[in-house]
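Here are my notes on this one, as numbered points. Have the chain open while you read.

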Amino acid sequence: MNPHMAAKGQVGRQSVGRVSDIQRFSVHDGPGIRTVVFLKGCPFTCPWCHNPEAQSGNPEILFCSFRIECG
């Protein structure tokens, strides 16, 4: 049992989220190299948002017609 979770009363809870993107080798958010996981369902609608596709919490299908080569 994680003692930090027990202190917050979250024992036995499970967090679930939809992953929008995984960015490896990120060096722009501070010192060091890290992996950043972007989750969907942001409740904010900031006009300067860099990930507007992540605002909706619903699953979305990405369609790129230029990647389909089946004729």
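**Notes on the model**

1. The secondary structure amounts to one helix and two strands, in the order α-β-β from the N terminus. Helices (H or I, at least four residues) and strands (E, at least two) are DSSP runs, numbered from the N terminus. Bear in mind that this is a predicted model, where local features need pLDDT of at least 70 and side-chain atom pairs count only at pLDDT 80 or more, while totals for chains, interfaces and linings use all residues. Residues are numbered from 1 along each chain as its sequence is written, and side-chain values use heavy atoms, with hydrogens and water left out.

2. On burial, 6% of the 71 residues in the chain are buried. Here buried means under 20% relative accessible area, exposed over 50%, and partly exposed in between (1.4 Å probe, protein chains only). The chain exposes about 6,700 Å², with 56% of that supplied by carbon and sulfur atoms. Areas come from the Shrake-Rupley method with a 1.4 Å probe; for residues, only the protein chains shown count as cover.

3. Now contacts, meaning heavy atoms within 4.5 Å. Of those in the chain between residues at least 6 apart in sequence, 9% join residues at least 24 apart.

4. K40 deserves a look. This lysine sits in the segment after strand 2 (34-39) and counts as buried because its relative accessible area is 17%. Setting aside neighbours within four places in sequence, K40 contacts R18, S20, E53, A54, S56, G57, N58 and E60. Its side chain also reaches the backbone oxygen of S56, at 3.1 Å. That makes a polar contact (a pair of N or O atoms within 3.5 Å; within protein, one must be able to donate a hydrogen and the other to accept it, and residues adjacent in sequence count only if both atoms are side-chain atoms). As for P52, twelve residues from K40 along the chain, the two C-alpha atoms are 9.6 Å apart.

5. S26 is in strand 1 and is buried, at 2% relative accessibility. Not counting residues up to four places away in sequence, S26 touches G32, I33, R34 and V36.

6. There is a nonpolar surface patch made of V19, I22, V37 and L39, with about 340 Å² of accessible area together. Strand 1 (19-26) and strand 2 are the elements giving two or more residues to the patch. V19, in strand 1, is partly exposed at 47%.

7. Lastly, F44 lies in the segment after strand 2 and is exposed, at 55% relative accessibility. F44 and Q55 are eleven residues apart in sequence, with 7.3 Å from C-alpha to C-alpha.

Notes:
Patch = residues over 30% accessible without salt bridge, like charges linked within 9 Å, V, L, I, M, F, W, Y side chains within 5 Å. Salt bridge = Lys/Arg side-chain N within 4 Å of Asp/Glu carboxyl O.
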